[in-house]
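Subject: Handing over a structure, with notes

Dear colleague,

Here is the structure that I would like to hand over to you. Please open it beside this message, so that you can look up each residue while you read.

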Amino acid sequence: MLKIKVQDRTHQFISVISKYLCLIGFLGTVGFFAYTMVNNYREATTIMNDAAIVDADLMLTDFNIEEGRKGRVKAEYEFTYSYEANGQTFEKSFTASEKSAEKYVDQATIPVAYAKSNPALSGKLSQLEKNSSLSSLTWRGLGSLLGLMFLAAVIHALITGVLFINKDDPEQTT
């Protein structure tokens, strides 16, 4: 592994810069996650407060296989569901990984909720129920926050303890 030996003052400077960069990255990522969670919550509650539930026709529209390193294969399915509301037909697509797609492949219909006031706003019923729950939102937010804190601490530790090592410290010069 790459190890760069630096002077004590340089190591302290790198440590301070790394701490602030990791903090900025952490706060930016938390902000992004919070923004998307709040938007998902707003959309789900908008639909569920004025919901009409239908069994929408489901069809597999695309299937992609990507070969990764060491022979790993990643399959991604794209499904499209369509439903009729107020004399119009609406369609919406979603993607699923191979494991998640198993439950949709053999189905002809899927439960969908759409907003009566705006039938173009729709989503899978199970996903909307999960996204409109404040307790679910709180637990997912807390889990994300703890995970991101851990990730920022690990990145800072890797930069200051593994990548840049203090050559004046006899413990780290092996």
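The notes below go through the aromatic rings, a salt bridge, a pocket and a few residues in loops and strands.

Please keep in mind that this is a predicted model, in which local features need pLDDT of at least 70 and side-chain atom pairs count only at pLDDT 80 or more, while totals for chains, interfaces and linings use all residues. Residues are numbered from 1 along each chain as its sequence is written, and side-chain values use heavy atoms, with hydrogens and water left out.

Aromatic rings

A pair of aromatic rings is described by the distance of the centres and the angle of the planes. Here, rings of Phe, Tyr and Trp (its six-membered ring) pair if their centres lie within 6.5 Å, and planes under 30 degrees apart count as stacked, over 60 as edge-to-face and the rest as tilted. The structure contains 10 aromatic pairs. One of them joins Tyr83 and Phe90, whose ring centres are 5.6 Å apart and whose planes stand at 25 degrees, so this pair is stacked. Both Tyr83 and Phe90 are buried, where buried means under 20% relative accessible area, exposed means over 50%, and partly exposed lies in between (1.4 Å probe, protein chains only). Ring pairs also build a cluster, in which Phe63, Tyr77, Phe79, Tyr81, Tyr83, Phe90, Phe94, Tyr104 and Tyr114 are linked.

A charge sits over a ring if NZ of Lys or CZ of Arg is within 6 Å of the ring centre and within 35 degrees of the ring normal. Lys124 lies over the face of Phe94, at 4.3 Å from the ring centre, and Lys19 lies over the face of Tyr20, at 5.6 Å from the ring centre.

The salt bridge

How many salt bridges are there, if the term stands for a side-chain nitrogen of Lys or Arg within 4 Å of a carboxyl oxygen of Asp or Glu? The count comes to one salt bridge, and it is formed by the side chains of Glu43 and Lys92, at 3.9 Å from N to O. This pair links distant parts of the chain, since Glu43 belongs to helix 1 (residues 8-49) and Lys92 to strand 4 (residues 88-97), 49 residues apart. Helices (H or I, at least four residues) and strands (E, at least two) are DSSP runs, numbered from the N terminus. Glu43 has a relative accessible area of 33%, so it is partly exposed, and Lys92, at 29% relative accessibility, also counts as partly exposed.

The largest pocket

Rolling a probe the size of a water molecule over the atoms shows where empty space is left. On a 1 Å grid over the protein atoms alone, a pocket is an open set of points where a 1.4 Å probe fits, with protein on both sides within 12 Å along at least five of seven lines, and its lining residues have an atom within 4 Å of a point. The largest pocket holds about 240 Å³ of space, a volume being the space filled by probe spheres set on the points, which are joined across faces, edges and corners. Of the 13 residues that line it, the closest to its centre are Glu43, Lys92, Gly123, Gln127 and Asn131. At least two lining residues come from each of helix 1, strand 4, strand 6 (122-124) and helix 3 (125-131). By class, the lining has four nonpolar, six polar and three charged residues, where Ala, Val, Leu, Ile, Met, Phe, Trp, Tyr, Cys and Pro count as nonpolar, Asp, Glu, Lys and Arg as charged, and the others, Gly among them, as polar.

Residues in loops and strands

Lys70, in the loop between strand 2 (51-67) and strand 3 (73-85), has a positive phi of about 55 degrees although it is not a glycine, and its 73% relative accessibility means that Lys70 counts as exposed. Asn86 lies in the loop between strand 3 and strand 4; Asn86 is not a glycine either, yet has a positive phi of about 55 degrees, and at 67% relative accessibility Asn86 counts as exposed.

With best wishes
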